[in-house]
Amino acid sequence: MTTSRRLADRKSAKFQKNILKRGGVPETTMKKGNTYPVGPIVLGFFVFIVIGSSIFQIIRTASSGGTA
């Protein structure tokens, strides 16, 4: 058996072994659904902008006499 044939047989065997393992992922490596898609800093910044904007609008409306 030549070197290239032996190398090809080794690669083929490795490929076949990986084919048989396909789909056998253990439970621990699978991603859990308990994480939030947005970090707490981004969420806090968003809440700060929304609440700050509403307070600013209330102050502006009150200072103009309710007609703005």
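Here are a few notes on this predicted model.

1. First, the ground rules. Local features need pLDDT of at least 70 and side-chain atom pairs count only at pLDDT 80 or more, while totals for chains, interfaces and linings use all residues. Numbering runs from 1 along each chain as its sequence is written, and side-chain values use heavy atoms, with hydrogens and water left out.

2. The chain has two helices and zero strands (DSSP runs numbered from the N terminus: H or I of at least four residues for helices, E of at least two for strands). Of its 68 residues, 0% count as buried (under 20% relative accessible area; exposed is over 50%, partly exposed in between, with a 1.4 Å probe and protein chains only).

3. In helix H1 (residues 3–21), Asp 9 and Arg 5 are four residues apart, so about one helical turn separates them. They form a salt bridge, with the closest N and O atoms 3.7 Å apart (the rule: a side-chain nitrogen of Lys or Arg within 4 Å of a carboxyl oxygen of Asp or Glu). Asp 9 is partly exposed, at 30% relative accessible area.

4. Now for helix H2 (residues 40–63), where Ile 51 sits. Ile 51 is partly exposed, with 46% relative accessibility.

5. UniProt, in an unreviewed entry, puts a "transmembrane region" at residues 38–59; such annotations may be inferred rather than shown by experiment. In the model, residues 38–59 are 91% helix and 0% strand, and the end C-alpha atoms lie 31 Å apart.
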